[in-house]
Amino acid sequence: MEFTAPIFDIQRFSTHDGPGIRSLVFLKGCALHCPWCQNPESQDVRPLVGFYRDRCQESGACVEVCEDDAVRLDGFRIDHQRCSRCWLCVDACAHDALRLVGETLTPEELMARVMKDLPYYETSGGGVTFTGGEPTVHIEFLERVLLLCAEAKVHTNIETSGTFQWSRSRAALELLDLIYFDLKILDPDGHRRHLGAGFENIIENANKLVSLGLPVEFRMPVVSGYTDTDDNIGAVVGLLRRLDQRFIHLLEYHNMGEAKIDVIAGNQPKLGLGRYPSDRWGSVCGAFEDAGIEVLHDAR
Amino acid sequence: MTVWCPSAETLAVHADHLTSQPALGAERAIHYTEYWKRKSNDETPACLRNAGALAHHLEKRSIQIFPGELIVGCHTEHRIGAICHVEKAGSAMLEDLFRFEKRPVNAIRVDPGVKGTLLRSVVPYWLNRSLPMKAFPLRQKLKYAADQLGAAHYVINEAAGVAHFLPDYEQLIEIGTEGLRQKLDERMDDDALDEDAKNYLQASLICVEAVERFSDRYRDEAIRQGRADIVEVLERVPRQPAANLREALQLIWFFQLLIQIESVDQGISLGRVDQYLLPLYLEEKAAADFDADEIRNLFAHFCIKLSEVIPLFSGRVTEMFAGLPSGQALCIGGLDEDGNDASNELTFVLLDVIDGFKTRQPNWHARIGAGSGDHYVRRVLEVVSGGGGSPALYNDDVIQPAMVERGVDPSKVWNYALVGCVEPALPKESFTSSDAAIFNLAIGLEVVLGGGQLIKKGDTSERPWLAEIQSMERLLEILEDQTQERVLKLKASLDAIELSGARFFPTPLSSLTIGGCVENATDSTAGGAWYNASGIQAVGVADLANSLAVIDELVFRQEEYTLQEIANACATDFSEQNLLLARVRKVPKFGNDDAVVDELANRVALMFDRCISQHTNTRAGKWMPGYYSMTCHQGFGKKMAAMPSGRLAGRPLADGLAPVDGTDRLGPTASLNSVAKLDHLRFGNGINLNVKFDSAAVEGEKGTDILVGLVRGYFAQGGMQMQVNVVDPDVLEAAMSDPESHRNLLVRISGYCAYFVDLTPAMQQELIDRTRQRT
């Protein structure tokens, strides 16, 4: 059986999502809707047309080729409901104002692309990091790609929200060389309220990964008013101690993802948060350090 | 690792150096002219006349020893001086005599009275006697002058003198000038020598004596100033073998400056100093009072001396060669005879100096091979990430086989070093004229579209010859014919220049330091060296490849446009052609790991190789291609119409072998992959690839690790050379106002890398502020 997955970007020469020089593979689709999401275009699992307004010359070429009446020059170009995903408008746009967000690839096609930087993975101790979206949404695809990476001796890492279904995912997870497991809001109600989906198996999955001795490292995005409350930090500290974890990666919130909301006409609200206040940052770090947990600062 | 800090004494000397105003060194021009005039009616052979002029100048010129100097000897009568090599291209530079002082960049002071002397008695004498003017009969003279001044198709650097070689300093410090004299004496004993050979050897002897007398004048000055340390050095230097590092550097510096006075101050290179000075270093290290810092400071003083040399370039020439280059290359590291890491303690001492003491010269070059140890490579890249772009990085595993393809002895090639900017050559015995000329490869397409001439602005008339071109293959054939035709024109001029140089302006002092010249009793300019070659550089590979990719896609594959329409767009600078321009920009460009355009880049690079490598210079040395541009990519670009690639009229061409600025959008690995796909084994005269990084992207230990991985990965795939520039805030500001030209500028946000132009203005401003705070 042939699996494919929608890939919306492959960012080469990434140096901050695991060791060495890496290629970041962004897979589309995520069950969560974190209000601080850096890649709002990743949430919908389907490929779609992104619109970069500042590049548009209003030539009308896109309107002309569309057979679905899904493109208009007033307001946002693309009506995603009407769009039949033929991508004719993307080809027609000479100005790169319309771009395909999400290209459907087979595992072999994806491998061919990430293998282009194999020499650099080898010389720097780097590899491939799967991110998204939530990469485990495409777990069969991922398992196949991970097998190919293992054959090619490419180091692999995943950035996951931990929302996967254990029984279906275990085989793939065991193939990974590194697992970045994000802890966000550990209170079930808060999780559902803010992230738009249930909490269910996240803790259980964390437990299983740790007890199996898989190479998991925990991370937490630090977002004002969402994840940085005393209660939530306390809950994260408690979990890490129960799991006997010595360190956590803290990711400092930035608002660079917000510009991308407009590209897909997404409905994610803009938080209007600036840079994380440095005094507050110190006390967040302190809360972990006081509990004997080292903080690794992976500002995003 | 903490950065090494020079001593207060060294810093004081450097401060004096930096506050000295660059000035025109006119004495050489005046003395040479005096001598020439005196000899104008006699039949003195050229070698004796040139040796005599040098001796006359060294006898008469002013000398100075500055406070605190450890190494003495000045390039000119000024502390920082630009020499006018009046008998070569120097007189042409004097077109700017009244502008040197006033120009906004690279202003050069001209002493009162000097202007008048030059105008009255120097310039007029050489109008018809200088090297280029003696090279051609009258009509060709005008054609040559027009070509050089126009500088659209090529620039002949050899008109200024050949220079660009690696003097055998290893032998010099072992035998001193007395050893040189002995060699000459022995050679002169040969009864079979003809008159020319005897004259040549006699001229060499005159040079040796002139060097010794020049040094003695410095010794006397040191006695006068009560500088006992300098007197002690100059009691032995230059006659005796160097007994320690200070004597070695003093001896090398005397020859370095004298060769630059005699020949021209371009590309006189020092070779593998960490290898040939190691025995002296180890001897000193064995002494009880050894202090490694003293050695570092000594080298810092040496770097200051090298930085005193600046070229005399007119505004016109500066456009092609901006930034006051003198190309005194200094090479470290690399592999030994058996392919093992040759870096040693002295290598690391020198790396400390590069790290802690940034000077304009020398051009530092670090050789790296697969066999180089991590300790060495890491230290090199640590120094690189500190900014300043030094040292440049060279891949032993590609350069050595590429040199063997050019006939270099496989058993000697491990000992190669770099000349000038990027050119590999064998030390001790080669005279490669590695920077003979720089050739505008990209303009060939304009000439094809223009039917044999450059495209006239706004000319959209019918071009019937374009209708005949119905495939890429045909286009490439015509392009090659056209390139060959222009190469032949270049060759005719270059040959005439070479012959004129050999006939009228031999360089016996320089030749003394090149293996083969004494043995063959023949000057280097006339082919005396054991190994000869000429390097011709191509500029605009990426622009040409991008343009061909556009034509391939839009004209031949999609059939959306005709060649006539493309030519019209070039003639009109794409005005009112927004749709075409947009279509053009969507075609993948060189630098994105794209198979189609990368292959085209390789084809045009190899086409240039074919056009060049079939020729031989007048010294029986083969021509070989190089791919670097100095700043000719700007000078050439200024004279060109728009290109099918979407590069607009007058805009610069791509720098060296790099992708066009802003078109490599997938990051450094993709960009390096594209470059590494080119067949570097054919690029015998070297390449230049500049890569920019924001300082924050390569900072700290992790940053160094990443750079090590990047360089090793690029070299493992066949990359030949790279130079890492850590970008300063000024560049970020330029990127803010001109984003299209800076599309590939990678910056580190708080925790990851991004393209600067993809950031919001506020974020861009924040980064600029951040970088400013840091520096």
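**Exercise 1. Domains of chain B**

Determine how far apart the centres of domain 2 and domain 3 of chain B lie.

*Solution.* The bounds are taken from an automatic or database domain assignment. For chain B this assignment gives domain 1 (8-129), domain 2 (148-160 + 436-490 + 518-688) and domain 3 (728-775). Taken over C-alpha atoms, the centres of domain 2 of chain B and domain 3 of chain B are separated by 31 Å.

The structure is a predicted model, in which local features need pLDDT of at least 70 and side-chain atom pairs count only at pLDDT 80 or more, while totals for chains, interfaces and linings use all residues. Residues are numbered from 1 along each chain as its sequence is written, and chains are lettered from A and ligands numbered from 1 in the order in which they are written.

**Exercise 2. Overall form of the chains**

State how many helices and strands chain B has, and how its radius of gyration relates to the globule rule.

*Solution.* Helices (H or I, at least four residues) and strands (E, at least two) are DSSP runs, numbered from the N terminus. Chain B has 32 helices and 18 strands. The radius of gyration is taken over C-alpha atoms, and the globule rule is 2.2 Å times the number of residues to the power 0.38. For 775 residues the rule gives 28 Å; chain B has 26 Å, close to that value, so chain B is as compact as a globular protein of that length. Along the principal axes, the C-alpha atoms of chain B fill a box of roughly 80 × 60 × 55 Å.

*Solution.* Chain A contains eleven helices and eleven strands.

**Exercise 3. Domains of chain A**

Identify the domains of chain A and describe the contact between them.

*Solution.* The assignment gives domain 1 (5-45 + 102-297) and domain 2 (48-101) of chain A. Their C-alpha centres lie 31 Å apart. Residues are in contact if their C-beta atoms, placed from the backbone, lie within 7 Å. Eight residues from domain 1 of chain A and eight residues from domain 2 of chain A take part. Ala, Val, Leu, Ile, Met, Phe, Trp, Tyr, Cys and Pro count as nonpolar, Asp, Glu, Lys and Arg as charged, and the others, Gly among them, as polar. On the side of domain 1 of chain A there are four nonpolar, one polar and three charged residues.

**Exercise 4. Sheets**

Give the strand order of the nine-stranded open sheet of chain A.

*Solution.* The order is β5-β1-β2-β6-β7-β8-β9-β10-β11 (chain A), with mixed pairing; two strands pair if DSSP finds at least two bridges between them. The edge strands, each pairing on one side only, are β5 (103-105) and β11 (294-297) of chain A. Within the sheet, β7 (residues 155-160) and β8 (residues 178-182) of chain A pair in the parallel sense over four bridges. A:Thr160 has A:Phe181 of β8(A) as its bridge partner.

Do likewise for the six-stranded open sheet of chain B.

*Solution.* Here the order is β4-β6-β7-β8-β16-β15 (chain B), also with mixed pairing. Its edge strands are β4 (271-272) and β15 (690-694) of chain B. Five bridges join β15(B) in parallel to β16 (residues 721-727) of chain B. In β16(B), B:Gln723 is the bridge partner of B:Asn690.

**Exercise 5. Backbone exceptions**

Locate the cis peptide bonds that join A:Gly132 to A:Gly133 and B:Val237 to B:Pro238.

*Solution.* Most residues other than glycine have a negative phi, and most peptide bonds are trans. The cis bond between A:Gly132 and A:Gly133 has an omega of about 10 degrees, and A:Gly133 is in the loop between β6 (127-132) and α5 (139-151) of chain A. For the cis bond between B:Val237 and B:Pro238, omega is about 5 degrees. B:Pro238 is in the loop between α10 (228-236) and α11 (245-262) of chain B.

Note on methods:
Contact = placed C-beta atoms within 7 Å.
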